[in-house]
Amino acid sequence: MRIGYLGPKATFTEAAVAALFPSEPREPYDTIPDCIDAVAVGEIAAAVVPLENALEGSVNLTLDYLIHEQPLPIIGEIVVPIEQHLMVHPYYAPHWREIKEVYSHSHAIAQCRKFLHTVLKGAKQVPMTSTSAAAKFVSEHPHLPVAAIANRLAAREYGLTIVQENIHDYDYNHTRFIVVSRSGQPLSPDSPLYAGDKTTVVVMLPQDQPGALHQVLSAFAWRRLNLTKIESRPAKTGLGNYFFIIDIDAPMDDVLIPGAIAEIEALGCTVQLLGSYPYYFV
């Protein structure tokens, strides 16, 4: 089956796809909506899109598009470490300290501030549409004193030499990617990367009901269901209206989670199941 992902090639999203689907053909798409729409119309079997970064926070476009536009089920999640490396064309590798310009995505540049300030102080920082695009630019200009900040996949894809590894400021930077598919069939846990299962629901509270969120959380608490994340997003129905995205650290069962959902609905809330699926760590 063909797997779509947020392109271009050799980004961290493709690294996530390669880890989960090493033998499946991959197809890059320009935007997150393009990826999700391609799944919805059957152009591809599944899509991998970013959901959250440890430093930058949630990818709101992914959340909003799944909830408001294309409610496809989540069938898996993978967490990928974001490791940034400084790379140059092999021709310029012996002279990399003479670099005058550094190209990368603005987020990657921000994640490497300390290195750029201390080691390449004075080098111009040039934002690009992606880390992969930066690597491609450097590969096409072998005689310019320029470098890219990108991952190992980009270095291999564009034939660049990594001259400084792991130049990011924070070692704990990771990105969560989700897999969506029309089938709704969760991915197999039969993988060395498998780390557990979770269930994600969206809860819309009734208007003007004091303590409603507390009652929702209580439905999980007394059942000893651990919540790994709760996040509010605008409902797009008026100022002050929000829904809550809740991650439950457990797979869907026959008793506990259905019971919690039934109790929450009895409070007058609307509950939407986004998926119950395995998650993986690279």
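Begin by selecting helix H6, residues 131–139, and then show its surroundings in this predicted model: the buried residues of H6 pack against strand E6 (85–88), E7, helix H4 (106–110), strand E8 (124–128), strand E9 (146–150) and helix H7 (152–158). The residues of H6 that are buried are Thr131, Ser132, Ala134, Ala135, Val138 and Ser139. If you turn the view to look down the axis of H6, these buried residues fall within an arc of 160°, so they line one face of the helix. The pattern can be followed along the sequence, because an α-helix has 3.6 residues a turn and residues three or four places apart point the same way.

Next, turn to the aromatic pairs, of which the structure holds four. Tyrosine 103, at 8% relative accessibility, counts as buried.

Now select tyrosine 194 together with tyrosine 280, an aromatic pair that is edge-to-face, with 6.3 Å from centre to centre and 70° between the planes. Tyrosine 194 lies in strand E12 (residues 194–204) and tyrosine 280 in strand E15 (residues 270–281), so the pair ties together parts that are 86 residues apart in sequence. Which of these two rings is buried? Tyrosine 280 is buried, with a relative accessible area of 1%, whereas tyrosine 194, at 32% relative accessibility, counts as partly exposed.

From there, select lysine 198 and tyrosine 279: the lysine lies over the face of the tyrosine, at 5.2 Å from the ring centre.

Then go to helix H9 (residues 256–266), where you will find proline 258. Proline 258 is partly exposed, with a relative accessible area of 29%, and, leaving aside residues up to four places away in sequence, proline 258 touches Met252 and Asp253.

To finish, colour residues 2–182, which an unreviewed UniProt entry annotates as "domain: Prephenate dehydratase". The end C-alpha atoms of this span lie 13 Å apart, and the span is 30% helix and 31% strand.

Methods. Residues are numbered from 1 along each chain as its sequence is written. This is a predicted model: local features need pLDDT of at least 70, side-chain atom pairs count only at pLDDT 80 or more; totals for chains, interfaces and linings use all residues. Side-chain values use heavy atoms; hydrogens and water are left out. Rings of Phe, Tyr and Trp (its six-membered ring) pair if their centres lie within 6.5 Å; planes under 30 degrees apart count as stacked, over 60 as edge-to-face and the rest as tilted. Helices (H or I, at least four residues) and strands (E, at least two) are DSSP runs, numbered from the N terminus. Buried means under 20% relative accessible area, exposed over 50%, partly exposed in between (1.4 Å probe, protein chains only). A charge sits over a ring if NZ of Lys or CZ of Arg is within 6 Å of the ring centre and within 35 degrees of the ring normal. UniProt positions are given in the numbering used here, feature names are shortened, and annotations may be inferred rather than shown by experiment. The arc is that of the directions from the helix axis to the C-beta atoms. Contact means heavy atoms within 4.5 Å.
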